[in-house]
Structure formats: C-alpha cells, structure tokens
Amino acid sequence: MSMENIFLTMLIIAFLGCVYILIRNNKVCKFRNYIANLIYSKGCDMMNNGASYQDVSPLWDILTNISYDKMLYSFKPLKMEYWFTEEELKLLGYENEHLNKD
C-alpha cells in the first residue's frame, strides 16, 4: 500500500469521525433540551402545588450530574432509561408520562 493511500484512508476516517460528532452533537443538544423542558415543567407543577425551591432544586441536579461532553462522546443511546436511574425517572414523572403515551 502506498503512502498516499494510507494518508487518504486516514483522512476519510477523520472526516467520518467529524461528521459523526456533528450529528451526535445535534442529537445531544435536542436530548438535553428535552430533559431541561421536562424538568422545568415538573418544577413548575411542584411549585404550583406548594413545594418550596429546596424541594424543586434536586430536579436540576439530575441534568447537571451528567456533562454535555460525557453525552457527546459516549456511544450510549440518547434515551432516558440509559442515562438516568429509576429514582431520577420517578422524580421527573417520566415513567407515568411514558406509559401514558403507549
């Protein structure tokens, strides 16, 4: 194999890696936005029902415990079940919402 073919192969692999990261970045952004909206909605519901800020603040910890970079560079699917524990999903009310859609 000539040096040009090796270089071209490496260049193609690097290009495909960049395309993958760009696509994954877009999906991670949308996923985290969905989670933030879910947390905001749940927090507003809790506050409207008389909860204090201290009761609502653990909701935001759910999102901040997992960094954007960790999601970006992971091969895990961007599904709630893969990123959050059952306790966190229950706190968000995700199970009830998810079951109602089926």
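Asp61 is partly exposed in this predicted model, with a relative accessible area of 41%. The residue is found in helix 2, and its C-alpha atom is separated by 9.9 Å from that of Ile39, which is 22 residues away along the chain.

Is Leu63 buried or exposed? Its relative accessible area is 10%, and because the limit for a buried residue is under 20%, Leu63 counts as buried. When residues up to four places away in sequence are not counted, Leu63 touches Arg32, Ile35, Ala36 and Ile39.

**Arginines of helix 1**

Arg32, one of the residues touched by Leu63, has its place in helix 1, which runs over residues 3-48. Beyond the residues up to four places away in sequence, Arg32 touches Leu63, Ile66, Ser67, Tyr68 and Met71. The side chain of Arg32 has no salt bridge even though the residue is buried, and the nearest side chain of opposite charge, that of Asp69, is 9.0 Å away.

Arg24 is likewise found in helix 1, and it too is buried without a salt bridge; here the nearest side chain of opposite charge is again Asp69, at 11 Å. With neighbours within four places in sequence left aside, Arg24 is in contact with Met71, Leu72, Ser74, Lys76, Leu78 and Trp83.

| Residue | Class | Nearest side chain of opposite charge | Distance |
|---|---|---|---|
| Arg32 | buried | Asp69 | 9.0 Å |
| Arg24 | buried | Asp69 | 11 Å |

**Tyr20**

Tyr20 is found in helix 1, where its relative accessibility of 35% makes it count as partly exposed.

**The chain as a whole**

The residues described above belong to a chain that has 6 helices and 0 strands, so that its pattern, read along the sequence, is α-α-α-α-α-α. The radius of gyration of the chain is 19 Å, whereas the globule rule gives 13 Å for 102 residues; the value is well over that expectation, so the chain is more spread out than a compact globule. Along its principal axes, the C-alpha trace spans about 70 × 30 × 20 Å.

Buried residues make up 27% of the 102 residues. The chain exposes about 7600 Å², of which carbon and sulfur atoms supply 61%. Its side chains include 10 positive and 12 negative ones, and the centres of these two sets lie 5 Å apart.

Notes: Residues are numbered from 1 along each chain as its sequence is written. This is a predicted model: local features need pLDDT of at least 70, side-chain atom pairs count only at pLDDT 80 or more; totals for chains, interfaces and linings use all residues. Side-chain values use heavy atoms; hydrogens and water are left out. Helices (H or I, at least four residues) and strands (E, at least two) are DSSP runs, numbered from the N terminus. The radius of gyration is taken over C-alpha atoms; the globule rule is 2.2 Å times the number of residues to the power 0.38. Buried means under 20% relative accessible area, exposed over 50%, partly exposed in between (1.4 Å probe, protein chains only). Accessible areas come from the Shrake-Rupley method with a 1.4 Å probe; for residues, only the protein chains shown count as cover. Lys and Arg count as positive and Asp and Glu as negative; His and the chain ends are not counted. The place of a charge is taken as NZ of Lys, CZ of Arg, CG of Asp or CD of Glu. Contact means heavy atoms within 4.5 Å. A salt bridge is a side-chain nitrogen of Lys or Arg within 4 Å of a carboxyl oxygen of Asp or Glu.
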